[in-house]
Amino acid sequence: MESATNNIKSLLDRSDYEIYPDFLNFYIDSYWLDQKLEELYPAQSFKGLIPTLSPSIQSESEKEVVWNRILPLKNTSSICTILMCPDDCDFSCTLIVAEIYNTGKQIHWKKIGIDKTKEWEPNKIGSTVEWLNKIAPYKFYTEDYIKMLDNFRSQF
């Protein structure tokens with residue numbers, strides 16, 4: 001019996017920077033994901049990163065990689081970018097990735113890390129990752145996860 005221990009939503013968040021508009025962000029349990037990462041890793045400047053599901057992402061090929069990986073097929077996994085720098089809104093700057101596994105009933109973010117891939121090909125993203133061991137895995141009910149994705153998708 002699987003049990004979901006986390007709640008995920010996409011809610012409107014105020015940008016940490018005056019030059020950027022408010023945006024949909026990952027709200028997990030009772031916190032914003034970028035703020036939780038900042039709390040756990042204060043020297044890394046994670047606060048203010050925005051979801052790669054945002055319509056702000058510049059490259060069509062990068063957008064395609066994100067949407068192809070964010071919800072893997074049942075009983076498969078993928079490594080997907082989930083957060084990016086709001087300056088460039090592409091894969092060229094800080095990228096946070098998650099190893100995502102779909103059990104059918106649940107979506108697991110098994111681990112989260114910083115992408116360290118050197119190649120500039122969007123499909124190579126996630127091939128080299130520095131995993132962040134201070135953040136626990138997440139488990140979400142598939143229905144809640146799909147609602148969150150649909151909320152992002154509605155921005156396009």
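Phe 26, Trp 109, Tyr 138, Phe 140, Tyr 145 and Phe 152 are linked by ring pairs into a cluster. Rings of Phe, Tyr and Trp (its six-membered ring) pair if their centres lie within 6.5 Å; planes under 30 degrees apart count as stacked, over 60 as edge-to-face and the rest as tilted. This is a predicted model, in which local features need pLDDT of at least 70 and side-chain atom pairs count only at pLDDT 80 or more, while totals for chains, interfaces and linings use all residues. Residues are numbered from 1 along each chain as its sequence is written, and side-chain values use heavy atoms, with hydrogens and water left out.

**Aromatic pairs**

- By this rule there are nine aromatic pairs.
- Tyr 41 and Phe 46 form an edge-to-face pair, 6.3 Å centre to centre with 75° between the planes.
- Both Tyr 41 and Phe 46 are buried (under 20% relative accessible area; exposed is over 50% and partly exposed in between, with a 1.4 Å probe and protein chains only).
- Trp 109 and Phe 140 also form an edge-to-face pair, at 5.3 Å centre to centre and 85° between the planes.
- This pair ties together parts 31 residues apart in sequence, because Trp 109 lies in strand β7 (residues 106–115) and Phe 140 in strand β9 (residues 138–141).
- Strands (E, at least two residues) and helices (H or I, at least four) are DSSP runs, numbered from the N terminus.
- Trp 109 counts as buried because its relative accessibility is 0%, and Phe 140 is buried with a relative accessible area of 0%.

**Charges over rings**

- The charged end of Lys 134 sits over the ring of Tyr 41, 5.0 Å from its centre (NZ of Lys or CZ of Arg within 6 Å of the ring centre and within 35 degrees of the ring normal).
- The charged end of Lys 110 sits over the ring of Tyr 101, at 5.4 Å from the ring centre.

**Leu 40**

- Leu 40 belongs to helix α1 (residues 33–40).
- Its relative accessibility is 22%, so Leu 40 counts as partly exposed.
- Apart from neighbours within four places in sequence, Leu 40 is in contact with Lys 134 and Ile 135 (heavy atoms within 4.5 Å).
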